[in-house]
Amino acid sequence: MRLLKGDFFSLDWGSTLAELPSPMLVVGNPPWVTSSELGRLGSSNVPPKHGQRDHRGLDAVTGKSNFDVSESMLFSQLKWFDQRPGTVAALCKESVARKVLARAWYQNLPISSARMYRFDAAAAFGVSVTACLLVVVRDGAQGPTSCEVFEAMSADTPSETLGFLDGLVVRNLGTYQRWRHLRGTDSNYLWRSGLKHDCARVMELTEEGDELRNGLGERVDIEREAVYPLFKSADIANGRDARFRKLVVVTQKQLHGDTKHLRETLPKTWLYLNSHREAFSRRSSAIYQGRPDFSMFGIGDYSFALWKVAVPGLYRVGRPTVLSPIGGRPAMLDDTAYFLPCASEGEARFLMDLLASDPALRFFDSLAFPTDKRPVNAGILRQLHIGKLARELGRGGEYDSLTAIRCAQTGWGDPRRRLFDN
C-alpha cells in the first residue's frame, strides 16, 4: 500500500497513475467548497480558471464562474480515463454531479454509464444540500447521454432519468421530449431578472404610516419619486394575490446611466445616498467596479413597464403572477425573480394564461431541478418560445395582434421574426 499527500492541483498525476494497473476505481469525497469561499479564506489552492466551462462577460461577473472546487477535481478524474478504463465514485452535491456530467457530455467524453444515488447530507455531514454518490464508468464505450437517479443508496429502481439534449441538462427526458417542439428563442419576449443592488439595508425601505424607514432602523426623508414598490420571490410565490412588503430606491433608468443628476433632480435622495456611501463602497461584486456612484444592475426601460408577468426564482415553477401598477407607478422586482415586461394589461393577462397552461408548466418542469437553491432562472425560462406555445394552444392570432401592438408602442420585439427563431 502506498500513501501520498499533496496538492491535488499540482501533483504529477500522469506519473502516479501510470504505475497503477487497469481498470482503476477512484473513490472520494472532494471538498464541498466554492472558489469564492476559498478566496474569502485566503486560500490559493484552487484550480486554474481556464479549466472551467466557458463563462464570459456578464456570466463571469454575476457569479456563474464561481464554481465548486469539487467540480474541477471530478472532471479531472474523469479525464484520467481517456486512454484507460476506470470508474469514478464520489460523494458530492447533486448540482456538482450534474455540472460534471454536462461538461463531459458537452465535450463528447465517451461515458459508458452514469448513476446518482441520493443520500441525506444533513444526517451524514450536517449540511443542508441535496447530495449524491455519483458513479461514472468509462471503459471506452459510448453510452447514452443520460444518468439514472436513485432516491437512496439501497434503491434498485431509478426514480427518474436526467439527460443531455439540445445542449441542456434535462431533469426528465420523457417529458422534455414530449414538449421539445415548444423550445426556441422568441425575439418578442425576453425574460428579465429584477434589480440587483447588494445594499438592502439602505436601498430597501418599509412604510410606517407616512414615514419611510430603512433596514438600519433610520427614518428616511427622500423624494417619493425615487421610490417604487418592490416584489421578491416570496411575495409572488403563491401566483395569485401578490403583496409587496418593501419599497426600493431606484437610482438609474438605464444600466450604466449616470447618477449625478440626482443631485439636482432629487436632492434629498442624493443626500441620503451620500450619507451611506461607505455601505455602497463595501459591495464586493465586480459588476459595480468602474460604475457611477450608487449604481444598480438589472435596470432598463423594461423595468418601468407598468404591467409585468412575474415568476419567483427561489421556488419551483408554478402559476405566474400579473403585476399591475401601484399608485400609477410600476412595480419593481428584486434579483430573485424574473419577469416579462408588457405593453398593456391585456397582454399581461394573455401571457399569464399561456404560461399557466399545462404544456408550459410541463416544459419548465422537465428542465427545472426543484432541490436547487434557485430552481428557476432566466436560462430555463428563455428556452420556451412563447409564439410556439400560443400556436400550440390555438391562440396564435392573439399572439400576432399583441406582438404587433407591442412592437409599435414600445419597440420591444420584432413581429416579423415570430416563428422563425430557433
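## Charges over rings

In this predicted model, Lys308 places its charged end over the ring of Phe339, 5.6 Å from the ring's centre. Arg103 does something along those lines with Phe75, lying over its face at 3.9 Å from the ring centre.

## Aromatic pairs

Searching the whole structure turns up 16 aromatic pairs. Take Trp32 and Phe125: their ring centres are 5.4 Å apart and the planes meet at 80°, so this pair counts as edge-to-face. The two partners come from distant parts of the chain, 93 residues apart, with Trp32 in the loop between β1 (24–28) and α2 (35–40) and Phe125 in helix α6. Trp32 is partly exposed, at 21% relative accessibility, and Phe125 is partly exposed too, at 38%.

Then there's Tyr176 with Phe363, a tilted pair with 6.0 Å from centre to centre and 40° between the planes. Tyr176 belongs to helix α7 (residues 173–179) and Phe363 to helix α14 (residues 358–367), so the contact ties together parts that sit 187 residues apart in sequence. Buried or exposed? Tyr176 is buried, at 0% relative accessibility, and Phe363 is buried as well, at 0%.

Ring pairs also build a cluster, made up of Phe8, Phe9, Trp13 and Trp80.

## A nonpolar surface patch

Phe125 shows up again on the surface, where it forms a nonpolar patch with Val127 and Val129. Val129 sits in the loop between α6 (121–125) and β4 (131–138), and with a relative accessible area of 31% it is partly exposed.

Methods:
Residues numbered from 1 in each chain as written. Predicted model: local features only at pLDDT ≥ 70, side-chain atom pairs only at ≥ 80, totals over all residues. Heavy atoms only, no water. Patch = residues over 30% accessible without salt bridge, like charges linked within 9 Å, V, L, I, M, F, W, Y side chains within 5 Å. Areas by Shrake-Rupley, 256 points an atom, 1.4 Å probe, with all protein chains shown as cover. Salt bridge = Lys/Arg side-chain N within 4 Å of Asp/Glu carboxyl O. Helix = DSSP H or I, 4+ residues; strand = E, 2+ residues; numbered from the N terminus. Buried < 20%, exposed > 50% of the residue type's maximum accessible area, 1.4 Å probe, protein only. Phe/Tyr/Trp six-rings, centres within 6.5 Å; stacked < 30°, edge-to-face > 60°. Lys NZ or Arg CZ within 6 Å of the ring centre and 35° of its normal.
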